[in-house]
Amino acid sequence: MSVKKINKDAFISFIDNLTKGRNVIGVQANGDRFDFALLDSAKDLRLDYDLTVQPPKKYFLPPVETLLRYDIGAGYKSVFDDTGFVLIGVHPYDMVAINQMDRIFSQDNYDAHYMRRRNNATIIASDVMTPSKNVFAGSMGTATVKDGFDILITDIGDAYLAEIASKKGQELAAKADGLVAPTKADLKKRQDLWDENQKRLNKHQLKCRPCDIPKLLDKAYNHPVWQEKAQTCFSCGSCNLVCPTCYCFNVQDYVNWDMKSGTRDRAWDGCLLDGFAKVAGGHDFRKNREDRFRHRLYRKGKYVPEKIGGEIACVGCGRCIDACLPDIANPVNVYNRLVDDLGLE
Amino acid sequence: MSKPITIEKDIYLPQLATVEKRRLMNATEMYLRLTMDEGLFDYVPGQFVEVSVPGIGEAPITISSSPTQKDYFELVVRRIGNVTNAIHRLRLGDKVGVRGPYGNGAYPVEEAKGRNLVFICGGIGLVPQRSFVNYVLDKRDDYGEITIILGTKCMAQRFFQSELDGWSHRKDIHFMETIDEADDCWQGNVGVVTTLIPRIEKELTSALVFVCGPPIMYKFVLLALEEAKVPRENIFLNLERKMKCGVGKCGHCQINDLYVCIDGPVFRYSDLAVAPEAI
């Protein structure tokens, strides 16, 4: 809606003020890596980070969450988390992933557990200053982002530009002092960073457009690459664990010590894990590793895109590449191999 | 996301139902008659419900009764996992949680009108088919010839015996049964269900064919139907998968890009051409 300029000191006191009286989650250093965590003070905020270990998805779809409470014989009650929070430092590729998750959880059957958390959140996204080792957002069209955030922060050297994109963003920005109109030169600096990020956030170059991937996969089902790659797969699910667009879950009942009440919780699940498709009685509908390996890349490149209007469900964050011990998870390597072998026609 | 919240229904919240009847039908199959404590319960043959036993969990179970029967619905549950074992322990008057009915891909009740119908059932595959069979029998004039073939592994696993006897005595349906491992008491056909298929070749032409049984059965039945030149458009398969949510989110029941919970559980065979994981 509007772009404002704020100098860095004013920004820090703005964030410090935010942390008083509400949950503010921001990117912080954790050893030699970074992660989203509850922010006590603005000095811990690291907007120069390259990549967080976990995507911010965990604040909307927690690793474990309680869906229901029950009393045996008396029925079930929904449990919702309406705490609300401000999330600071979401990179564009992660913002795109959140936008995709929003579609998944709001369309068809509206998932009120996810959506209430989402609707109660205010997101301050930030443009990438330091490219991570394996990022390929440039290839996926996610090096910059146009929507989904409430405020987008861009570091232009001596100050930040803040694009205020929603009513929630406006309300939050009203608490900041020293917002001024940016000059043309400021805006050009931001545009230059955006242009530059398209190129430098691309450590793995996809040999086709993202929109070519579904068609490519149409003819790749029996390609040897699935078996070749899966040969060294541990079925550990690390690629699922760090992925900002993985949302499969398991649901399980827990009983309290009184043996009369308890909770029904959902927890992240991973389609690479052995037994993901195994039913009671022992029949496993996706028993082979290569089938599970292929399923992940088909979900990212074809199945989920069909559900969300065509957008590829891989945002190029590169986390799966970092996480994969046998180094087989890189989607670009697989898709490029298919382009080489099968062509795009 | 600045859109206000408008929809607050919790898709994961079960409603309570009461066990009105229960009967162990053989060593592993429990028949249950349930009524919802509140509200109406309308469904289409082939749809399923998520049944919750508090503290144990939830499992997807296809409804076995016909929706022409409005006051209650029936399930038949095989004792095989945690939840189904807990269902077997339920007593009269006990409460269970029910979500659903689910499954946009139910039996094609409209398309089937005026057509000849063939039901091929293997073992517990009889349970979902029974919903549509009884529906068709309640609206007998709307449908053409009805042929049912059923294969069961052994005598001890037969269930719904009196209902099956009823079917076999009706003049307006053609019912055949076979037992794979028969004993001396069995006077009927012996062998797997596919051995009956050559005997219904005449009925198969131009009929809609509904198949439900264990995973392995589909492979052989489909080969036999191929041989009998039944077009794939006329074949419907009732598929089972692991399922956690029933509403297209959790990802467990996916068959390639299809979801058993929202696209099925009854699939037209020709629609599965793009889903190699199906069979």
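Which domains does the domain assignment of chain A give? The assignment lists domain 1 (2–200) and domain 2 (210–342). Keep in mind through all the views below that this is a predicted model.

**View 1. The two domains of chain A and the contact between them.** Start with the centres: the C-alpha centres of domain 1 and domain 2 of chain A lie 25 Å apart. Their contact takes 33 residues from domain 1 of chain A and 28 residues from domain 2 of chain A. On the domain 1 side, β4 (64–71), α2 (92–106) and α4 (137–140) of chain A each supply at least two of the touching residues. Sorted by class, that side of domain 1 of chain A has 18 nonpolar, eight polar and seven charged residues.

**View 2. D108(A), a positive phi in a loop of chain A.** Follow chain A into the loop between α2 and α3 (112–119), and you will find D108(A) there. Its phi is positive, about 55°, although D108(A) is not a glycine. For context, most residues other than glycine have a negative phi.

**View 3. Chain B as a whole.** Stepping back for a moment, chain B has six helices and 15 strands. The C-alpha trace of chain B spans about 60 × 40 × 35 Å along its principal axes. A compact globule of 279 residues would have a radius of gyration near 19 Å, and chain B, with 19 Å, agrees. Of these 279 residues, 47% count as buried. Look also at how the chain folds back on itself: among contacts in chain B between residues at least 6 apart in sequence, 70% join residues at least 24 apart.

**View 4. The six-stranded open sheet of chain B.** Reading across this sheet, the strand order is β4-β3-β6-β1-β2-β5 of chain B, and the pairing is antiparallel. At the edges sit β4 (57–62) and β5 (73–78) of chain B, each of which pairs on one side only. Neighbouring strands of the sheet are turned by 40° against each other on average, direction ignored. Zooming in on one pair, β1 (residues 15–24) and β2 (residues 29–36) of chain B are joined in the antiparallel sense over seven bridges. One handy landmark here is R23(B), whose bridge partner in β2(B) is Y31(B).

**View 5. Where chain B meets chain A.** Here, 36 residues of chain B are in contact with 42 residues of chain A. Strands β4 and β6 (95–102) of chain B each supply at least two residues of the touching side of chain B. That side of chain B divides into 16 nonpolar, nine polar and eleven charged residues.

**View 6. Two cis peptide bonds in chain B.** P101(B) has its place in strand β6 of chain B. The other close-up shows a cis peptide bond between G264(B) and P265(B), again with omega of about 5°. P265(B) belongs to the loop between α6 (260–263) and β15 (266–268) of chain B.

**View 7. N256(B), a positive phi in a loop of chain B.** Finally, look for N256(B) in the loop between β13 (254–255) and β14 (258–259) of chain B. N256(B) has a positive phi near 50° and is a residue other than glycine. With 18 other C-beta atoms within 10 Å, N256(B) is partly exposed.

Conventions:
Residues numbered from 1 in each chain as written. Chains lettered and ligands numbered in written order. Predicted model: local features only at pLDDT ≥ 70, side-chain atom pairs only at ≥ 80, totals over all residues. Helix = DSSP H or I, 4+ residues; strand = E, 2+ residues; numbered from the N terminus. Rg over C-alpha atoms; globule rule 2.2 N^0.38 Å. Buried ≥ 20, exposed ≤ 12 C-beta atoms within 10 Å, placed from the backbone. Contact = placed C-beta atoms within 7 Å. Pairing = 2+ DSSP bridges. Axes fitted to C-alpha atoms, helices over the stretch in contact; angles between N-to-C directions. Nonpolar A, V, L, I, M, F, W, Y, C, P; charged D, E, K, R; others polar. Domains from an automatic or database assignment.
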